[in-house]
Amino acid sequence: MDRSQGSPKRSSAAGGWGALKSCGKHLLGSRAPLSGARALLSANQPDGFDCPGCAWGDPAHGSSFEFCENGVKAVSWEATDRRATPRFFAKHTVSELRGWTDHALESEGRLTHPMRYDAETDTYRAVAWEEAFAEIGATLRGLDHPDRVEFYTSGRASNEAAYLYQLFARAYGTNNFPDCSNMCHEASGIALTQAIGIGKGTVLLEDFEKANAIFVVGQNPGTNHPRMLGDLRRAAERGARVVVLNPVRERGLERFADPQNSVEMLRGASRPIASHYYQPKPGGDMAAFRGIAKAVFARDAAALAEGRPSLLDHAFIAAHTSAFADYRAAVEATAWAAILDQSGLTREAIETAADVYLGADRVIATWAMGVTQHRHSVATIREIANLLFLRGHIGRPGAGLCPVRGHSNVQGDRTVGINEKPPAALLEALDREFGLSVPRKHGHNVLGAIGAMLDGSAKAFIGLGGNFVRATPDTKLVEKALSGCELTVQIATKLNHSHLVPGRIAYLLPCLGRTEIDRNSRGKVQIVTVEDSMSMVHGSGGINKPASPHLRSEIGIVAGMAAATVGSERIDWVALADDYDLIRDRIERTIPGFAGFNTRVRRPRGFMLRNLAAERVFETATGRAGFSSGPLPVATEHQRASARGDTFVLQTFRSHDQYNTTIYGLDDRYRGVYGERRVVFAHPDDLAALKARAGERVDLVCVHAEDGIERVAEDFRLVPFDMPRGSLAGYYPELNVLVPLSAFGEFSDTPTSKSVLVQVRARAQVRARAAKPLGRAA
Amino acid sequence: MSEPPADAETFLAATDTLAALRPELSLLEAGILAGLHLGLAGDSRSFARIFGVEHALVLRAVEGLAGAALLTVTARDGRTQRTRYAASAAGTAVLTALAA
């Protein structure tokens, strides 16, 4: 044995570390009397699983949960030793469980057996997998049209599971793909596709190391993607300006909090992070960015008048953009009065932000739900892109657009075909690869699916993960929609409220979590892949023993349903589910950018899907990045509420002990709330105007008379908080009952969860049905 | 950090012997048993560090050995997943054969 091989440094001792490290290599490769494929697979296994939490990128992909408080919560939540067994279900009727909180349901632990709802006893009972697949298949085959089925996807599903799922649905005959991105970043995808030709961001993690100004808009990374704080902190420490626009003054953004230092995170120790913190009115971001652009144009005009060079990147604008003149005209036509009223910011603040922008030669703009869940979100994101185009801040190091996705693979699921409006190229590739004739007619998104279930045109719902009832708006209507179905199938790791509104036939199918070892029929460990917010595709392999021997992987469950529904003549579902490399081969042949998928995904950190916009190649209709030039909204919800005097704009958000609909605990440490979730945050002066005291309990009533439905969220405690007057905030899913199905984003169909018009009513008055809304001073 | 008490050749010989005794084991699994027998590593993280093998791979192999009743997991760190292990009765029997 050559002892120098495989050793980072030579060792003089025969038994030295270097020699033993070389042994490690031998163990995995050269001496292995195993098949080449097995050895290759083992040698290149990714180091651990992708965290099932957020989609923030990893500098060196691995067990990132070790360094992130929320990741630790996500992993330990999945790795619990508690079990929701058939015995548990026998003891509790579905009707009883409906009265439990989200937290209590999930706290029962991991599901262990496939279960079928028994309407006679109102309980779930264990069932054999094959029996479940057979009845699901027979029911689906019995429907009079494939469009009667809604195929919902959670953003936690892996690329392989999502690909097989869309193949199943399309082989069955529908493009009905409601998915969680419909409720979060749909506006980003649409706006960016219009602006730069691709619905994804253009930055890599490394760009945060090079930017010298980062605009963080409508997001709260301290709670939602804590690892981002590490990148922001490092940027700030080397002198980059971090400009925050967020109505709520979030402690996690105000101050440093090192997500790689769990002790610091757990203790809340932190230091300032934002160089500038602005609190626009809800929905005021578009006006703020238009104001910044207006100030930039004024500074540019002044520079030119003084004989200095232009502050704009005219070379980029001329070579790579369209409609610049229209945009400039629109900005100049927008009055400062409108900008200030709509944004709620002072002109001084906006001009300071413009100076930060002009003082940086590499600028990143990053945003999340605070931007995307408004009526005019698409226009707002276009406006953010406009500002970056002015100085060519796209397609070069340290600059670009960065929507920060929520769930760990929401972006990847869309990449591999979860799309109710699929591109023709994808459908043609599927036809060619599998010998199919998949449907061309566009399908349903989330709102379309709910509408179809409500009007009876959809008869079946299949949920690949997630918690549809609690994630969607208008909770009571969605419960009605699901419970009216002929068939509901929920694939899940833990019990949640979506499982408690069964259709006539209802199945609860337990799957492996991402942290668990997934072996195929030959004992070979399988890996899956995910795509993060920076378009990096990583491998992920579980390391924990499965919670129950009866669990199947999501892929295996999808394959079982597909085989029972559409048969295996054209597609060998079982073979695909038994070797995920075979699924990746199919992805490689049908989805652009995945050449060499099985090899590249086993490299450390995976690989980046090619992003043409990041190379300044814009696949828009004009072949250029497009400035948009629409006017500001006639009135934002904030302005409408101000005009009424008794109305507030409510935004729903997460607590710190929460990940989407998963409630890990009842605290919100950064906001000083402990042991409860039914709270509503308000400006102290608004409490005074309401003649309400901190801690007083109120009901919230949605002001949305268009559909004649009274929506009430009962019994919330008022908490004073640093936020704009006229605005309120509280947690979803509890407040989703107030979000109207009929209020959604223009072009995106995203529920307007960040701008719900509500009134505040005292509890006793509501009970007496003689309530008058509590008014507030204008 | 002190040097490991056994040299590479001894380790590889023990691994080969174990692999021959229990052909259903992967070389990595056999190596973990050999490392335990020779006192090189009694937990997954140490084994990963000494042999330059990714921790996740070692964890999977330990799970496999525990599933085959050759190892008993004695402790696990919830944050890092570092897993400490000892030979089970069946594992001890195999290692005894190795010593013979």
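## Overall architecture

Chain A contains 32 helices and 26 strands. The model is predicted. Of the 778 residues in chain A, 65% are buried. Contacts between residues at least 6 apart in sequence join, in 77% of cases, residues at least 24 apart. The accessible surface of chain A is about 26,800 Å², and carbon and sulfur atoms account for 52% of that area.

## Helix H18

Helix H18 of chain A covers residues 347-358. The buried residues of H18(A) are A:Ala349, A:Ile350, A:Glu351, A:Ala353, A:Ala354, A:Val356, A:Tyr357 and A:Leu358.

## Cysteines

The structure has 0 disulfides over all chains. A:Cys180 is in no disulfide, and the nearest cysteine sulfur, that of A:Cys184, lies 5.3 Å away. A disulfide requires the two sulfur atoms to be within 2.5 Å. A:Cys180 is buried, at 14% relative accessible area.

A:Cys485 is also in no disulfide; for this residue the nearest cysteine sulfur is that of A:Cys180, 19 Å away. With a relative accessibility of 3%, A:Cys485 counts as buried.

## Salt bridges within chain A

Over all chains, the structure holds 50 salt bridges. One of them joins the side chains of A:Glu637 and A:Arg640, at 3.3 Å from N to O. These two residues are 3 apart in helix H30 (residues 637-644) of chain A, which means that about one helical turn separates them. An α-helix has 3.6 residues a turn, so residues three or four places apart point the same way. A:Glu637 is buried at 8% relative accessibility, whereas A:Arg640 is partly exposed at 37%.

A second salt bridge pairs A:Glu734 with A:Arg677, with the closest N and O atoms 2.6 Å apart. This pair links distant parts of the chain, 57 residues apart. A:Glu734 sits in the loop between strands E25 (727-731) and E26 (756-762) of chain A, and A:Arg677 in the loop between strands E21 (662-663) and E22 (679-682). Both A:Glu734 and A:Arg677 are buried.

A network of salt bridges links A:Glu676, A:Arg697, A:Asp699, A:Glu714, A:Asp715, A:Arg717 and A:Arg763.

## A salt bridge in chain B

In chain B, the side chains of B:Arg22 and B:Glu24 form a salt bridge of 2.7 Å, N to O. B:Arg22 is partly exposed, with 24% relative accessible area.

Conventions: Residues numbered from 1 in each chain as written. Chains lettered and ligands numbered in written order. Predicted model: local features only at pLDDT ≥ 70, side-chain atom pairs only at ≥ 80, totals over all residues. Heavy atoms only, no water. Helix = DSSP H or I, 4+ residues; strand = E, 2+ residues; numbered from the N terminus. Buried < 20%, exposed > 50% of the residue type's maximum accessible area, 1.4 Å probe, protein only. Contact = heavy atoms within 4.5 Å. Areas by Shrake-Rupley, 256 points an atom, 1.4 Å probe, with all protein chains shown as cover. Expected span 1.5 Å × (residues − 1). Salt bridge = Lys/Arg side-chain N within 4 Å of Asp/Glu carboxyl O.
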